[in-house]
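Hi everyone, thanks for having me. Let's bring the structure up on the screen and take a short walk through it together.

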Amino acid sequence: MTHLRQLMLEELQRRNYAPNTVRSYIHAIEDFSKYFGRSPYRLGPDQIRQYQAHLFRDRKLAPRTIEGRTAALRFLFVKTLRRPYIPDHIPFPKAPRPLPTVLSQEEVMRLIGSAQNLMHRAMLMTLYATGMRRSELCQLRVADVDSQRMVIRVRHGKGGRDRDVLLTPKLLETLREYWRWLKPRTYLFPGMVNNWRADVPITSKVVWTAVNEARKRANISKRVSPHTLRHSFATHMLEAGADLRTIQVLLGHAKLADTTVYLHLSRRHLQAVASPLEAIEVSCPDTAKRSRKRIKR
């Protein structure tokens, strides 16, 4: 391990960054150094500019991916090497902010009903009923399900924060039936080791596969991921009358601004005020002049 890599790793660890963030930052700096064939000690703002342009122009990476690489570069030069760069030296790229995909309640019902087996059904129901993230689902433990208080404890969520989420009667009934069948010990959804069920957490890929297979069986044309069920949970809660602050707490958002995106998806809020078009008189479309159709000869 090089001296610089060790310095950056220690700087990340003493700030208690998540393991996934540490891995992605280290990988980004390795790629940056490899591109120029030199140690980052000998690189600066000019090389950062060239590298960012290379990621867009040659590698065709998505803006969100380059955002992550940029965050790693900022951490290296500002936090680890203590160079007094201003933010303009390492700018974050502009990234589109598309609205998330949301399923209707009928589509959610079809998706859950199309689960391949009871374990997949329990996972899909848990994602939709609680709004938890895929990574949080993988780490759920049997002891986290509190049927007395009707809550599920999410431990060490994003940002290292714990929170309680809803445990509904329908979800509890399914989880009990699932537990009687599989009898998981520590982790609620145990994974596999050498093709045998073991007391280890499932991987994120298992959750992704469960959702994708159910989508195909349900014949849903929308692009559906585990996070789609989280978006659907929040949108349907908002449409049912829940306030944004409650949804923010249930989702584990650090900022209320992150939760306000669901205002753009909630039919109740979109239809709360009539369009100004409805307040004016317009002629019947039958009276509108048609252009002459061109006949192909």
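By class, 11 nonpolar, 5 polar and 2 charged residues make up the lining of the second largest pocket. Please keep in mind that this is a predicted model. The volume of this second largest pocket is about 580 Å³. Of its 18 lining residues, Val108, Ile112, Tyr128, Ala129 and Lys170 are the closest to the centre.

Which helices each supply at least two residues of that lining? They are helix 5, residues 105-113, then helix 6, helix 8, and helix 10, residues 226-239. Helix 5 gives the largest share, with 5 residues.

Now let's look at two of those helices, helix 6 and helix 8. Helix 6 covers residues 118-130 and helix 8 covers residues 169-182. Their axes come within 10 Å and cross at roughly 150 degrees. Angles over 145 degrees count as roughly antiparallel, so helix 6 is roughly antiparallel to helix 8. Is the crossing left-handed or right-handed? For helix 6 and helix 8, the crossing is left-handed.

And who meets whom? On the helix 6 side we find Leu118, Met119, Ala122, Met125, Thr126, Ala129 and Thr130. Their partners in helix 8 are Lys170, Leu171, Thr174, Leu175, Glu177, Tyr178, Trp181 and Leu182. By class, the residues of this contact split into 10 nonpolar, 3 polar and 2 charged.

Notes: Residues are numbered from 1 along each chain as its sequence is written. This is a predicted model: local features need pLDDT of at least 70, side-chain atom pairs count only at pLDDT 80 or more; totals for chains, interfaces and linings use all residues. Side-chain values use heavy atoms; hydrogens and water are left out. Axes are lines fitted to C-alpha atoms, for helices over the stretch in contact, and angles run from 0 to 180 degrees between N-to-C directions. Helices (H or I, at least four residues) and strands (E, at least two) are DSSP runs, numbered from the N terminus. Angles under 35 degrees count as roughly parallel, over 145 as roughly antiparallel, 65 to 115 as roughly perpendicular and the rest as oblique. A crossing is left-handed if the near helix is turned anticlockwise from the far one by less than a right angle, and right-handed if clockwise. Contact means heavy atoms within 4.5 Å. Ala, Val, Leu, Ile, Met, Phe, Trp, Tyr, Cys and Pro count as nonpolar, Asp, Glu, Lys and Arg as charged, and the others, Gly among them, as polar. On a 1 Å grid over the protein atoms alone, a cavity is a set of points where a 1.4 Å probe fits but cannot get out, and a pocket is an open set with protein on both sides within 12 Å along at least five of seven lines; lining residues have an atom within 4 Å of a point. Grid points are joined across faces, edges and corners, and a volume is the space filled by probe spheres set on the points.
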